[in-house]
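Trainee: I am new to this structure and would like to learn how to read its side chains. Could we go through it together?

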Amino acid sequence: MKLKIEIDENLTEPEVVIRCARADEEVLSIQRRVLEHSDQPSRLVLYRDGVEYYLPAEHILFFETQDEQVYAHTARDVYRIKRRLYE
């Protein structure tokens, strides 16, 4: 893996670009860690139909458990979350 930092004084906020041949678990782990440590509002990693979504925590109305899975409900959709309720 290569790591490169470029300084651009014209940017108003940091930009992180990951270039890869495929989005394997290592790449997705890096993505999650960067998002967890950013200054953005708290976002949760949610899943629906095989797609990973990053939603602000304030969009979640409530959580429920069903068949040992945890689901997050928004005003429009239901997403699966890989965390437990106590987390």
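**Reading side chains step by step**

Mentor: Let us begin with R48, which counts as partly exposed because its relative accessibility is 24%. Here buried means under 20% relative accessible area, exposed over 50%, and partly exposed in between (1.4 Å probe, protein chains only). This is a predicted model, where local features need pLDDT of at least 70, side-chain atom pairs count only at pLDDT 80 or more, and totals for chains, interfaces and linings use all residues. Residues are numbered from 1 along each chain as its sequence is written, and side-chain values use heavy atoms, leaving out hydrogens and water.

Trainee: Which residues does R48 meet in a salt bridge?

Mentor: A salt bridge is a side-chain nitrogen of Lys or Arg within 4 Å of a carboxyl oxygen of Asp or Glu. R48 forms one with D77 at 3.0 Å, N to O, and one with D49, where the closest N and O atoms are 3.9 Å apart. D49 counts as exposed at 74% relative accessibility, whereas D77 is partly exposed at 28%.

Trainee: How many salt bridges are there?

Mentor: The count comes to five.

Trainee: And how do I read an aromatic pair?

Mentor: Such a pair is described by the distance of the ring centres and the angle of the planes. Rings of Phe, Tyr and Trp (its six-membered ring) pair if their centres lie within 6.5 Å; planes under 30 degrees apart are stacked, over 60 edge-to-face, and the rest tilted. A search of the whole structure finds one pair. The rings of Y53 and Y79 have centres 5.3 Å apart and planes at 65°, so they are edge-to-face.
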